[in-house]
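Thank you all for coming.

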Amino acid sequence: MKIERLELALLRLPLVHFFETSFGRVHDKTFILVRVDGDGVTGYGECVADANPFYSAETNESAWQIISGFIAPRVIGVDVEHPRDLFQALGAIRGHQMAKAAVEMAAWDLYARQQDLPLWRVLGGVRDRIASGVSIGIQDSLDQLIARVERELAAGYRRIKIKIKHGWDVEAVAAVRRRFGSIALMVDANGAYRVSDGDRLAELDAYDLMMIEQPLDYDDLLDHAALQKRLRTPICLDESIKSVNAAREALALDACRIVNIKPGRMGGFTESIRLHDLCAANGIPVWHGGMLESGIGRAANIHLSTLPNFTLPGDIAASERYFNPDLIEPPIQVSSTGTIAVPTGPGLGVDIRQDRVDAATLRRESFEVAHA
Ligand code: OSB
Ligand code: MG
């Protein structure tokens, strides 16, 4: 496989509803779409970096710079046998997982389309539907939270995650439990707490949560291990797991008992599969995280979620919760029993509406092999 041309586009899409986490409220999503071309076939990758460096150190601007200055020159015009080799081929570039993952995803899509296979087959998946959960942001009132949970349960979603932060934690969980009983419920703090908040977090143990996601800081494995010792509820790590090595350390320390996998955070599918396999070998269940992706990145998440150790519902919900219209047609839909059908066409298996991509594009740049 050879990438002959790579194009970057910066897109902005308005969100159907604002989304609030412990690091703030967003009303739209600005992201890079990577397009690669080779042998008359096109592949796409969606970068999960944000406009700001709050979830991770990367931003759209840093990803643009790293892809254009360092990744594109290393992949364009280079023969690669399989996209699984790309992550290692980019090993000279430290970090910048989201930038690497976006290009790698486009290369996997290109490869799968060239082979005329759906991406999940190429990734090693084993199922044709995935279980879907929702992530509900911080709301303005508990009544609004209850209304949101009610709507998502009625839509069929198999698990409810609510975002928490100081001032919106135990009361929010208690209100949801009171109203909805023993639903599959979890929380995500996005690193808002410190180990000294252990007493507060331990109060959550009374509510039978499936897990507490990333309660402490993004690089704080030792404190997560200390906190896990105090809690009955499993800790799930998200931000902390930026590499397979970080996961090895987390598991050795018993810093978490569940792992959230996001290819953007890991540097792509190859590293995500290694993480998936490491967790499987250690009896650690995994689920697929979400980064408010458009239908393009969402489709990729669905394909990866077909691997066998994705045993818990992921943060992969219907397009209509995020963007209306989405960039793809038909949009991603969820069945009344909370599952999503894996696209069956080649590659990502979704039809991209170029007119909508063009309308959302703020900036574009393309790179090609320099001809002698
Ligand atoms: O921590 O999982 C997270 C969204 C943006 C950044 C980080 C996270 C999230 C979500 C939303 O929880 C998941 C989704 O619905 O895409
Ligand atoms: Mg998270």
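**A sheet and a metal site**

Strand 1 (residues 5-21) and strand 2 (residues 24-38) pair in the antiparallel sense, and 13 bridges join them. Please keep in mind that this is a predicted model, in which local features need pLDDT of at least 70 and side-chain atom pairs count only at pLDDT 80 or more, while totals for chains, interfaces and linings use all residues. Residues are numbered from 1 along each chain as its sequence is written, chains are lettered from A and ligands numbered from 1 in the order in which they are written, and side-chain values use heavy atoms, with hydrogens and water left out.

A word on terms: strands are DSSP runs of E with at least two residues, helices are runs of H or I with at least four, and both are numbered from the N terminus; two strands pair if DSSP finds at least two bridges between them.

Now to the magnesium ion (ligand 2): which protein donors does it have? They are Asp188 (OD), Glu213 (OE) and Asp238 (OD), at 2.1 to 2.3 Å, where donors means N, O and S atoms within 2.8 Å of the metal (3.2 Å for Na, K and Ca), and sites may look incomplete because water is not among the atoms. Along the chain, these donors follow the spacing D-x24-E-x24-D. Asp188 lies in strand 7 (residues 185-188) and Glu213 in strand 8 (residues 212-213), 25 residues apart, and the pair links distant parts of the chain.
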